[in-house]
Amino acid sequence: MCEVYFMRFVYKAIVLLGVSLFFMAACSSKANNNNSNGNPADAAVKPKPLDTKALLAYDPKNADRRIDEVMQMLHRTRGFNGNVLVAKHGKIIYENAIGWADYIHRTTLNINSQFELASVTKTITSTAIMMLMEQGKLSLNDDVKKFFPDFPYDGVTIRLLLTHRSGMMNYVYFTDKIYKAEHRDERKGLSNKDEMAMIAQYKPARFNKPDKKFLYNNSNFMVLGSIVEKVTGQSYADFVKAHIFVPAGMTHTAVYSKAVYEKIPVDVMGHDRGQWRYSVVQNFLDGPVGDKGVYSTVGDLYLYDRALRAGLLLKQATMDSAYVPRNPFIHGHFSYGYGWRIFEAPGKQVIYHTGWWHGFRHIYLRDIKDDITIVLLTNLSNGSLLKLDDLFIAAGMPIVRKSAYKGNGDTSED
């Protein structure tokens with residue numbers, strides 16, 4: 001009889017132990033699945049690093065012949081001088097380096113030539129700001145005065161800077177006027193800190209009230225670059241390198257400021273006015289960064305596209321919010337989001353940006369729906385990038401040109 005009671009006791013103990021272990025395992029699993037503020041979605045497996053070697057693999061023998069014909073014609077008849085990359089569905093179908101890197105010294109471009117990205121830099125600054133927002137280090141509704149108390153304008157938020165609705169003056173013209181009037185040394189570049197101090201000191205009149213209208217200008221993203229530095233305690237160059245360039249495998253990309261470098265360490269020279277004799281020498285205005293200042297290659301910009309698509313840099317919801325039109329449509333198709341230009345048509349969305357600075361002129365396009373990427377970087381500033389209809393058609397991308405749909409295109413907003 002004692003043996004029967006003993007066996008029942010052992011059986012109950014085993015059952016209780018099993019039930020306890022089951023609930024402990026279930027609780028542990030639940031905790032693991034809710035490891036980010038109780039949100040199961042945040043526990044998703046992190047995206048794998050890009051296979052940059054595979055993504056950049058390209059054999060010229062397999063070049064898309066139709067695209068090559070378009071680019072060679074553009075070079076012969078329109079003076080295109082620069083590098084080009086076209087990719088579809090994660091595979092490069094055409095890339096080429098066409099023309100001179102530095103006409104004076106007769107050096108030619110190669111596919112890894114680094115170009116000053118001009119306003120294409122704004123897409124990188126936007127990504128940096130959205131990263132800091134995801135980290136809880138700033139809000140898009142934060143006023144600039146939160147970071148720079150002596151900033152002379154009221155009501156300018158990060159959101160308004162991202163969408164070019166701040167109403168600010170253009171610091172490029174304001175600063176150039178001060179330098180010439182006071183006979184300052186134009187060879188030494190200003191830092192962002194210097195520029196913000198000048199704005200605080202001189203308090204230049206703004207163009208209009210905040211959020212009154214879309215007014216594209218470089219001040220917005222120079223200020224955003226300054227906020228990145230203020231919030232992180234790092235230089236803009238160091239932050240974007242660590243958080244964007246390295247994760248995306250962009251090994252040929254860097255930020256170069258004349259406030260740091262006496263001579264920008266790249267071999268590609270900008271040539272202005274569509275003529276080779278106008279080689280542009282960097283000056284004090286090549287110091288501030290965020291609106292410009294990133295130097296990169298067509299291949300690295302393609303990797304940047306893939307890193308964004310793979311969720312390596314930002315959450316999908318954050319990227320989606322950056323691609324929402326935040327201004328009235330121009331010609332029914334064109335708008336601006338958070339640091340990105342936007343083209344929309346039924347079933348189509350192309351996220352892109354243009355650039356134009358000191359002899360460099362570019363266009364960087366990402367067809368979100370059909371997964372097509374086009375990168376065109378040029379260092380002879382002429383009208384060749386206004387004649388891309390045949391390229392868009394050959395690549396299968398909508399024609400991204402304002403006057404292709406209605407009215408005259410505006411090319412002055414780079």
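This is a predicted model: local features need pLDDT of at least 70, side-chain atom pairs count only at pLDDT 80 or more; totals for chains, interfaces and linings use all residues.
Arg-106 sits over the face of Tyr-103, 4.0 Å from the ring centre.

Phe-174 has a relative accessible area of 12%, so it counts as buried, the cut-off being under 20%. Tyr-202, on the other hand, is partly exposed because its relative accessibility is 28%, and that class runs between 20% and 50%.

Tyr-256 and Tyr-261 make another edge-to-face pair, because their ring centres are 5.1 Å apart and their planes stand at 90°. The cut-off for calling a pair edge-to-face is an angle over 60 degrees. Tyr-256 is buried, at 14% relative accessibility, while Tyr-261 comes out as partly exposed at 31%. Elsewhere, Tyr-304, Tyr-323, Trp-340 and Tyr-364 come together as one aromatic cluster.

Turning to the helices, α9 (residues 236–248) has 13 residues. From its first C-alpha to its last, α9 reaches 17 Å, close to the 18 Å expected at 1.5 Å a residue. Even so, α9 has a kink of about 35°, centred on Ala-242. Just after α9 comes Gly-249, with a positive phi of about 75°.

The buried residues of α9 are Tyr-236, Phe-239, Val-240, Ile-244, Phe-245 and Ala-248. An α-helix has 3.6 residues a turn, so residues three or four places apart point the same way. Phe-239 and Val-240 are among the buried residues of α9, and so are Ile-244 and Phe-245. The cover over these buried residues includes the helices α2 (52–56), α4 (121–134), α8 and α10 (298–309), along with the strands β6 (254–255) and β7 (294–296).

Helix α8, one of the elements in that cover, spans residues 219–232 and has Ser-219 in it. Ser-219 is buried, because its relative accessible area is 0%. Leaving aside residues up to four places away in sequence, Ser-219 touches Met-168, Met-169, Asn-170 and Tyr-171.

Conventions: Residues are numbered from 1 along each chain as its sequence is written. Side-chain values use heavy atoms; hydrogens and water are left out. Helices (H or I, at least four residues) and strands (E, at least two) are DSSP runs, numbered from the N terminus. Buried means under 20% relative accessible area, exposed over 50%, partly exposed in between (1.4 Å probe, protein chains only). Contact means heavy atoms within 4.5 Å. The expected span of a helix is 1.5 Å times one less than its number of residues. The bend at a residue is the angle between axes fitted to the seven residues ending there and the seven starting there. Rings of Phe, Tyr and Trp (its six-membered ring) pair if their centres lie within 6.5 Å; planes under 30 degrees apart count as stacked, over 60 as edge-to-face and the rest as tilted. A charge sits over a ring if NZ of Lys or CZ of Arg is within 6 Å of the ring centre and within 35 degrees of the ring normal.
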